[in-house]
2 protein chains.
Amino acid sequence: MAYKLFYWPGIQGRGEFVRLALEDAGAAYEDVGRSQGEAALMAAMKKLDPVHRPFAPPFLQDGDVLVGQTANILYCLGPKLDLAPADEAGRLWVNQLQLTIADMVAEAHDTHHPVASGLYYDDQKAEALRRARDFTENRIPKFLSYFEEILANNPGGAGCLAGASASYADLSLFQLVEGLRYAFPKAMARMARSLPQVTALCDAVSRRPGIAAYLKSPRRQPFNEEGIFRHYPELDADHEAPQRFANPT
Amino acid sequence: MAYKLFYWPGIQGRGEFVRLALEDAGAAYEDVGRSQGEAALMAAMKKLDPVHRPFAPPFLQDGDVLVGQTANILYCLGPKLDLAPADEAGRLWVNQLQLTIADMVAEAHDTHHPVASGLYYDDQKAEALRRARDFTENRIPKFLSYFEEILANNPGGAGCLAGASASYADLSLFQLVEGLRYAFPKAMARMARSLPQVTALCDAVSRRPGIAAYLKSPRRQPFNEEGIFRHYPELDADHEAPQRFANPT
């Protein structure tokens, strides 16, 4: 039976991390929000099993099982799609990497919504300018140099983050970097030379048959200013002199 | 062999979610940052296995295995400490709840650090006032009423979030609510009457033998203004008229 993915239509959002895994594996799935529209998505959400009701989309229905939280969905799907190691230690390591990617995704979102996700960007632009400056100067380098180091030290080779074959964490790192390149092209260009392994991994992911076909298809929605990664040029300014920070925590 | 917990000394922080599970189970562990001091913690972090280096504390050493990311540590510890269901579906559901708790913890942190964790609170107080207002008016009710509903609908009874016996998610919800009560006593008092199940669960967790003994011991550090949950009275203001929000996402 086909998986059912529940997520908002019109944006890649957190649903995209699940889509990429399903598409890479060639798994059959219905993207309910896109195929049936937002009203049907909302109606379906109201009819969910109240015992296991998820807090928010995305969530995935796999037969009788309903799974929420992006990293949890991927943890569950990983072995079924052959996108995770089979052993528990390997699965935990991939999950740990995925959760670190999720932390950075949340921070990327908050660059344009540092006050409240329920307010418009224009109502929190002053705060967004400050937060985005910290993000591009401090957080992007800190997170991406961490993944660069993990790739360089992987005993299975720098072609993937964990073990010797691709996992869903590789697909998610690709999506994260694609989103950052869309939202912060100047900041990412400044970093590119110091991220050879991350860059090579992203290139390799984009060439995987399932991913390459997906990226060319109409199923891949473009990035836009409704999603997590938004290109507001004023948030991607040039900074010659870095901001001074009070403490390193 | 005793577990080794690596976390910053002086704060409960994210390490506390791991401590509560270990303490509830009476597991032997060394809290390296507290027993050896911050310099020793930093030195130990530099000597970690570079292949599985965690992005940030907390992380846990269990023999040869090093595990990072709070929810991932608890996922790994759960069955060993008898604080998670044995079956995969049950473990995934507890993990989903834990990740939702983790999302709220991150939002609670950002009420006092909405711009940058590397800047002092005083340097982002204006932004913090706006973010905390949204958090207390919208986010606390949304998250805690979700957990209230999950407890009320649990077929195993409202005494725990999942199944018929306590899991680490129950301990984490207790810690989250304790932290919110410390940081936002007025907002939490306004909500108390609508959260009977959450309140009862937190009371029950505090009476569990391992937890009760821990809370009375010097190992339980008090909340303070260096941690995730900080009591800045100006962030916990009375609000008669709610802010208007542009959209509900």
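**Helix packing and backbone features of a predicted model**

Helix α5 (residues 88-112) of chain B packs against α6(B) at an angle of about 160 degrees, with the two axes 9 Å apart, where axes are lines fitted to C-alpha atoms, for helices over the stretch in contact, and angles run from 0 to 180 degrees between N-to-C directions. Because angles over 145 degrees count as roughly antiparallel, α5(B) is roughly antiparallel to α6(B). Helices here are DSSP runs (H or I, at least four residues), as are strands (E, at least two), numbered from the N terminus. The residues that meet, with contact meaning heavy atoms within 4.5 Å, include Trp93(B) and Leu97(B) in α5(B) and Phe135(B) and Phe143(B) in α6(B).

This is a predicted model, in which local features need pLDDT of at least 70, side-chain atom pairs count only at pLDDT 80 or more, and totals for chains, interfaces and linings use all residues. Residues are numbered from 1 along each chain as its sequence is written, chains are lettered from A and ligands numbered from 1 in the order in which they are written, and side-chain values use heavy atoms, with hydrogens and water left out.

In chain B, the bond from Pro57(B) to Pro58(B) is cis, with omega near 5 degrees. Asp82(A), although not a glycine, has a positive phi of about 60 degrees, and Asp82(A) lies in the loop between α4 (70-77) and α5 (88-112) of chain A.

Technical notes:
Parallel < 35°, antiparallel > 145°, perpendicular 65-115°, else oblique.
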